[in-house]
Structure formats: structure tokens, C-alpha cells
Amino acid sequence: VKVNSDPSRLNYDLLVNQVKTGVLIKNIDLAGKIENDSIGTALTIKDDSNKTKFMLAAVARSLKDEIDINIKKHGLIVNYEPWEVSPDNMIKVGKEISANHLVLSHKNESLSINSSQNSGLNAPMNIDFKNFDLADFTGWIQKDTVLAAGIVNGNVALKNLSASPEFKANLTINNFCVKNDTIGNVNLTADNAETGKYKGNV
């Protein structure tokens, strides 16, 4: 752990050689600075050749009743590849949880997260997948085994996130496989609209 400061800010850098929680993740670096009412941070994971295989950088600002989080425009690397991040993205965490203009994209695939506007407290949140390749987000974790792969399209709708969360999913996953075992094409619909009950069809 490295920490240094001056009268206006505090810099920090936490290095972890490895973490094993089912899978082994090595060369983890969490670094950033605390300045005024904001915390800038970057989580970086490198391979044994010191190449960055995953990175997420964001700035969190503390306001009166909430924390606003912005993922930096060039703040996402997944499986060695830089992803585009919409510059005006914002995640708000407080009495309610919301996300606006959060779009992550790479080539022809994208993941977008947006809360419905003008819906008041606990506005519904929509997560949209377009040609989203699961292997991109799981391939970097374990060198010799892809934990999950497949091309995802569809939508997940979330409601009441800060109270009693509900979800409704309508997804297709083409060429779905788990740990190199091929399952095939999957159509998934699921929800928990009834309290305490989960329904799903595959």
C-alpha cells in the first residue's frame, strides 16, 4: 500500500499479488486520489507480461443525499481491448439507484443502462444487450478456460432497486457455453413479479 498527500489531495495505490475465489486473479492494482468532494479510482489487472487485460476507471462525487459515479470515457479495457464509454454517463446512488446515458461499446457489440426519465423515486432501469459477447467479459479471468461465452441480445428491466427489487428478463444467447461445454442457442424469459417467487422459461 502506498499513500501520500499534500494539503489539497490524498493519493493512494493498493497492490495485490493475487486473489483466489474459485478462480485465480493476479496483479491487481487499485489506485487513485481523493480530492475535495471526489474520489478518482482505477482498478487495473495485468497479466504476467505486465499487459493490461482489464481496467475500470471512474470518478465518484459525494453530494448532499447521493453519490454520483462517472465512468471515464477511456476508462474501460476488457480482455486487452479498449471499450468506448459514453462521456456523459452517470450512476446515482442514494435514496434511489439510477443510471443515465451509460453505454459501453466495442466494435458491433454494446451494453446500455438507462433509467426511465420522469418516473420519480425508484424509476425503472433498462439494461439492453446488443451482440454482447460474454467471452469478452469472462475470457480474461482464467487463462485456459472461458467461464462463459455466447452472443447476448435482449433486455433486462429492473424496478424498485432501493426497496424490493424486481426484474423481468427477455434474452437470447446464441452459441452459449459454460467452461467450454456447449449448450447451444438459448431463449430466456424470467421475472420475479410475484413476491418471493421466481419464474423462468428457457
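Is Glu35 buried, partly exposed or exposed? Glu35 is partly exposed, with a relative accessible area of 23%, where buried means under 20% relative accessible area, exposed over 50% and partly exposed in between, with a 1.4 Å probe and protein chains only. Before going further, note that this is a predicted model, in which local features need pLDDT of at least 70 and side-chain atom pairs count only at pLDDT 80 or more, while totals for chains, interfaces and linings use all residues. Residues are numbered from 1 along each chain as its sequence is written, and side-chain values use heavy atoms, with hydrogens and water left out.

**Salt bridges**

Side chains of opposite charge can pair when their charged atoms come close. A search of the whole structure finds five salt bridges.

Select Lys92 and Asp68 next, whose side chains form a salt bridge at 3.1 Å, N to O. This pair links distant parts of the chain, with Lys92 in strand β9 (residues 90–94) and Asp68 in strand β6 (residues 66–78), 24 residues apart; strands here are DSSP runs (E, at least two residues) and helices are DSSP runs (H or I, at least four), numbered from the N terminus. Asp68 is buried, at a relative accessible area of 10%, whereas Lys92 is partly exposed at 26%.

Now move to Lys159 and Glu166, where the side chains meet in a salt bridge at 3.9 Å, N to O.

**The nonpolar core**

Select Leu76, Leu104, Ile127, Phe129, Phe132, Val152 and Val156, which touch the most other members among the 31 residues of the largest nonpolar core, a core being a set of buried Ala, Val, Leu, Ile, Met, Phe, Trp, Tyr and Cys residues joined through side-chain atoms within 4.5 Å. Strands that each supply at least two residues of this core include β3 (24–35), β13 (125–133) and β14 (148–159). Centre the view on Phe129: leaving aside its neighbours within four places in sequence, Phe129 is in contact (heavy atoms within 4.5 Å) with Ser110, Leu111, Val152, Asn153, Gly154, Val156 and Leu171.

**The open sheet**

Switch to a cartoon view and follow the eight strands of an open sheet, which run in the order β8-β11-β12-β13-β14-β15-β16-β17 with antiparallel pairing, two strands being paired if DSSP finds at least two bridges between them. At the edges, β8 (84–85) and β17 (199–201) each pair on one side only. Between β15 and β16 (residues 181–191), which run antiparallel, there are nine bridges; to see one of these positions, select Thr172, whose bridge partner in β16 is Asn187.

**A helix to finish**

Select Thr138, which is found in helix α1 (residues 134–138) and counts as buried at 15% relative accessibility. Apart from its neighbours within four places in sequence, Thr138 is in contact with Val146, Leu147 and Ala148.

Terms used
Salt bridge = Lys/Arg side-chain N within 4 Å of Asp/Glu carboxyl O.
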